[in-house]
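Please look at the sequence and the structure before reading the notes.

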Amino acid sequence: FKTPKGGSLNVNQKAHNSLHSAVRALGERANSILKTTFKALRRWRGCPWRIGDIVAAALVLLHQENGRTT
């Protein structure tokens with residue numbers, strides 16, 4: 001929620017913004033790690049429907065590299 005001009009947000013709106021920010025930060029961090037580790041993802045020009053499969057494969061490789069498999 002945006003703060004209205006000359007006003008303020010209520011408690012629920014502030015809580016919503018805080019939670020949204022926390023979730024977004026996790027996604028941004030994951031995106032950053034994938035893009036810095038796999039340089040090919042920076043310049044993806046292929047079909048947008050296939051990028052999900054490619055990112056999933058890159059994530060598996062990243063987890064294998066860091067020993068994060070269960």
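The structure is a predicted model. The protein contains two helices and zero strands, and 7% of its 70 residues count as buried.

**Overall dimensions**
- The radius of gyration of the protein is 18 Å, whereas a compact globule of 70 residues would have a value near 11 Å.
- Along the principal axes, the C-alpha atoms occupy a box of roughly 50 × 30 × 20 Å.
- The protein has an accessible surface of about 6200 Å², and carbon and sulfur atoms account for 58% of that area.

**The two helices**
- Two packed helices are described by the distance between their axes and by the angle between those axes.
- Helix α1 spans residues 11-37, and helix α2 spans residues 51-65.
- The axes of α1 and α2 come within 11 Å and cross at roughly 80°.
- Because angles of 65 to 115 degrees count as roughly perpendicular, α1 is roughly perpendicular to α2.
- On the α1 side the contact is made by I33, L34 and T37, and on the α2 side by V55, A58, L59 and L62.
- By class, this contact of α1 with α2 comprises six nonpolar residues, one polar residue and no charged residues.

**Residue L62**
- L62 belongs to helix α2.
- The relative accessibility of L62 is 7%, so L62 counts as buried, the cut-off being under 20%.
- Apart from neighbours within four places in sequence, L62 is in contact with I33, L34, T37 and F38.
- S32 lies 30 residues from L62 along the chain, and the C-alpha atoms of these two residues are separated by 13 Å.

Notes. Residues are numbered from 1 along each chain as its sequence is written. This is a predicted model: local features need pLDDT of at least 70, side-chain atom pairs count only at pLDDT 80 or more; totals for chains, interfaces and linings use all residues. Side-chain values use heavy atoms; hydrogens and water are left out. Helices (H or I, at least four residues) and strands (E, at least two) are DSSP runs, numbered from the N terminus. Buried means under 20% relative accessible area, exposed over 50%, partly exposed in between (1.4 Å probe, protein chains only). Contact means heavy atoms within 4.5 Å. The radius of gyration is taken over C-alpha atoms; the globule rule is 2.2 Å times the number of residues to the power 0.38. Accessible areas come from the Shrake-Rupley method with a 1.4 Å probe; for residues, only the protein chains shown count as cover. Axes are lines fitted to C-alpha atoms, for helices over the stretch in contact, and angles run from 0 to 180 degrees between N-to-C directions. Angles under 35 degrees count as roughly parallel, over 145 as roughly antiparallel, 65 to 115 as roughly perpendicular and the rest as oblique. Ala, Val, Leu, Ile, Met, Phe, Trp, Tyr, Cys and Pro count as nonpolar, Asp, Glu, Lys and Arg as charged, and the others, Gly among them, as polar.
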